[in-house]
Every structure is written in C-alpha cells, then in structure tokens.
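Subject: Structure for your review

Hello,

Please find the structure below, with the sequence. Notes on what was found in it follow.

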Amino acid sequence: MNAGLRQSVADYLAVRRALGYQLARPEKLLGQFTSYLEQAGAATVTAEHALAWAVLPGGDPSWHAYRLAVARGFAAWLRTTDPAAEIPPAGLIPSRKPRATPYLYTGSEVASLIEAAGSLRFPLRTATYQTLIGLLAATGMRVGEAISLDRGDADLDDGVLTVRNGKHGKSRLVPVHDTTTQALRGYLRLRDRLCPDARTQAVLISPAGSRLLYCNVHATWKKLAASAGLKPRSGSCRPRIHDLRHSFAVRTMLDAYQSGRDGQVTLSVLSTYLGHADPKATYWYLTASPELMAAAGQRLQTWLERP
C-alpha cells in the first residue's frame with residue numbers, strides 16, 4: 001500500500017471540494033484512516049477495518065459515528081473504481097448526539113452581554129466584542145462569517161455585507177439596517193484610531209491588530225455570558241453564541257406573524273438571508289420557540305375558521 005489509496009483519497013477530496021464542500025476535518029480523518037489501513041496491511045477499505053478504526057478509544061459514540069460516516073463516504077466513492085472495496089453498512093453505530101435546545105435571547109439579555117463586554121481589558125477589545133455581539137444579533141450571521149468579513153466586504157454606503165465562502169463554500173449578500181451601518185462606521189473609525197497599523201483587512205480585529213480567532217471568540221463569550229448573569233435553562237439549553245442566530249430567526253418570524261405578513265414567504269426570504277441551503281434548516285431554528293409556535297397555530301386556526 002499504498003500510494004494508490006492515498007491518491008484515491010486526494011481524488012475523492014478534490015471531487016467533493018469541486019462541489020463546494022470544504023472538508024478540513026474529513027481530510028484529516030481520512031489521512032488517519034489511510035495510515036490505519038497501511039499498518040493493518042489492508043490493500044483497500046473493508047467494513048471490518050472501517051468499524052475498528054471508527055471506534056478507536058477517544059470520543060463519544062456520536063464521534064465514532066461521525067468517523068465511520070467519513071470512512072463510509074470515501075468507501076462508496078472508492079467502490080466505483082475498486083470492486084474489492086467494501087462499504088460499511090449504514091447504522092453500524094446508530095448513536096446520534098441530540099441537538100442542543102436553542103437559547104433564545106431577549107433584547108435585555110443582548111444588552112446585558114454588550115454591557116458585560118464593556119469590562120473587557122483594552123478599549124479596542126471592548127469595542128470589537130460589543131460590535132460583534134450587535135452584528136450577530138442584528139443579522140443572524142454565523143460567527144465564522146462575521147470574523148471573516150474584510151473591509152472590502154462591508155459596503156456601508158449601500159448597507160450590504162458580502163459573506164464570502166460561507167458554509168459549503170457559498171457566498172451571499174446580507175443587507176443591513178441603517179443602525180447597523182452606523183455602528184460599523186463608528187467601530188471602524190475607532191479601530192483605525194486605536195490600531196492604525198493593523199496587520200489584517202478584517203473588519204473585526206484584536207488589540208494586536210490581527211483577525212479574531214474562532215476559539216478565542218468562544219472563550220471570551222463564555223466569560224461574557226457568565227458576567228451578564230446568563231444561566232442554562234436546562235441541561236441541553238445553554239447560552240451559546242450561535243443562538244444569537246436562532247434568536248434572530250425566531251424574532252423575524254414573530255414580527256412577520258404579528259404584522260400579518262405571509263409566513264411562508266417570510267420563511268423563504270429568511271432562509272436565503274441566513275444562507276441555508278434548504279428552508280428545512282431554517283424551520284428547525286423556529287421549532288424551539290413556544291411563542292412562535294403559538295403564533296403560527298393561531299394563524300392556522302384563523303384560516304380554518306374563515307367562512
């Protein structure tokens with residue numbers, strides 16, 4: 001073995017990436033899987049080897065299931081050129097980690113988070129996190145999309161942000177309200193004054209003048225949530241930064257119902273705005289809100305009772 005198998009992995013990743021997938025984690029895992037097969041003396045993928053590799057010590061059942069799914073996807077592709085390759089049966093590791101219950105933020109909780117950011121060390125760090133929290137709450141952008149914004153992506157005259165290479169490599173335009181553009185202008189003026197020699201074109205920067213790192217943002221978020229007094233509502237409902245996105249989606253739909261707009265049209269527009277590939281993903285965001293479900297149910301009841 002097996003330069004051939006490693007080349008097959010490279011070809012598989014190239015084909016998937018041409019379809020828009022990024023595959024950073026699967027690439028790493030398939031490299032480990034190939035090394036495992038080499039050590040086992042296997043000439044190709046077998047179901048037995050794939051399962052044995054997937055359940056190596058470390059991680060929980062959901063992680064084992066993910067590893068097996070990565071190996072299974074590659075095996076299915078390899079089978080088209082290598083009849084000896086075996087595709088592990090689906091469901092060998094049926095465990096699936098349950099989704100967290102979204103923590104839907106109130107307006108006062110968002111304000112408390114922004115206030116908590118005021119206690120961060122360094123004026124630029126304070127301004128950056130206050131702007132980040134406000135931007136996520138006002139647009140529903142993913143954290144990675146917000147910290148990836150470059151200055152050229154922010155058209156503040158027309159009020160449009162450009163998200164490049166979002167989830168699945170897709171890009172989209174995100175129109176924003178005048179209050180958001182004003183806040184971004186104010187932040188950019190401040191950051192240019194506090195850090196005139198920034199090493200990056202990123203909109204949101206650290207006190208060192210570099211782009212924010214995803215891991216650092218999450219670590220800071222936990223401190224801000226604790227400082228703001230936010231507590232878990234249940235074992236599966238904790239104040240995550242991603243839930244600002246859920247909250248934005250729920251608030252948008254509530255506004256639509258309360259103003260009498262067509263819910264299905266709003267849902268379709270919202271799905272595009274959030275960068276979802278399918279409205280089903282947006283719909284899941286909405287099922288965690290009893291208030292929204294009640295509003296939808298009332299709309300249905302009113303429709304059914306029409307003469």
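Is Asp150 buried, partly exposed or exposed? The model is predicted, and in it Asp150 has a relative accessible area of 25%, so it counts as partly exposed. The residue is worth a look for its partner as well: a salt bridge joins the side chains of Asp150 and Arg211, at 2.6 Å from N to O. This pair links distant parts of the chain, 61 residues apart, with Asp150 in the loop between helix 7 and strand 1 (154–155) and Arg211 in the loop between helix 8 (178–194) and helix 9. Arg211 is partly exposed too, its relative accessible area being 29%.

Other salt bridges

In total, the structure holds 11 salt bridges. Another of them is formed by Arg172 and Glu145, whose closest N and O atoms are 2.9 Å apart. Arg172 belongs to strand 3 (residues 172–175) and Glu145 to helix 7 (residues 143–148), so this bridge ties together parts that lie 27 residues apart in sequence. Arg172 and Glu145 are both buried. They also take part in a network of salt bridges with Arg142.

Glu38 has a relative accessible area of 31% and is partly exposed. Arg6, at 35% relative accessibility, is also partly exposed.

Cavity

There is 1 cavity of 30 Å³ or more in the structure, and the largest cavity contains about 40 Å³ of space. Its lining consists of Tyr129, Leu132, Ile133, Leu136, Val217, Thr220, Trp221, Leu224 and Ile241. Helix 6 (123–139) and helix 9 (214–227) are the elements that give two or more residues to this lining. By class, 8 of the lining residues are nonpolar and 1 is polar, with no charged residues.

His64

His64 sits in helix 4 (residues 61–78). Its relative accessibility is 14%, which is under the 20% cut-off, so His64 counts as buried. Leaving aside residues up to four places away in sequence, His64 touches Ala54, Val55, Leu56, Gly58, Gly59 and Ile93. Between the C-alpha atoms of His64 and Ala52 the distance is 9.9 Å, with 12 residues separating them in sequence.

Regards

Technical notes: Residues numbered from 1 in each chain as written. Predicted model: local features only at pLDDT ≥ 70, side-chain atom pairs only at ≥ 80, totals over all residues. Heavy atoms only, no water. 1 Å grid on protein atoms, 1.4 Å probe; cavity = no way out; pocket = protein on both sides within 12 Å on 5 of 7 lines; lining within 4 Å. Points joined across faces, edges and corners; volume = space filled by probe spheres on them. Helix = DSSP H or I, 4+ residues; strand = E, 2+ residues; numbered from the N terminus. Nonpolar A, V, L, I, M, F, W, Y, C, P; charged D, E, K, R; others polar. Buried < 20%, exposed > 50% of the residue type's maximum accessible area, 1.4 Å probe, protein only. Contact = heavy atoms within 4.5 Å. Salt bridge = Lys/Arg side-chain N within 4 Å of Asp/Glu carboxyl O.
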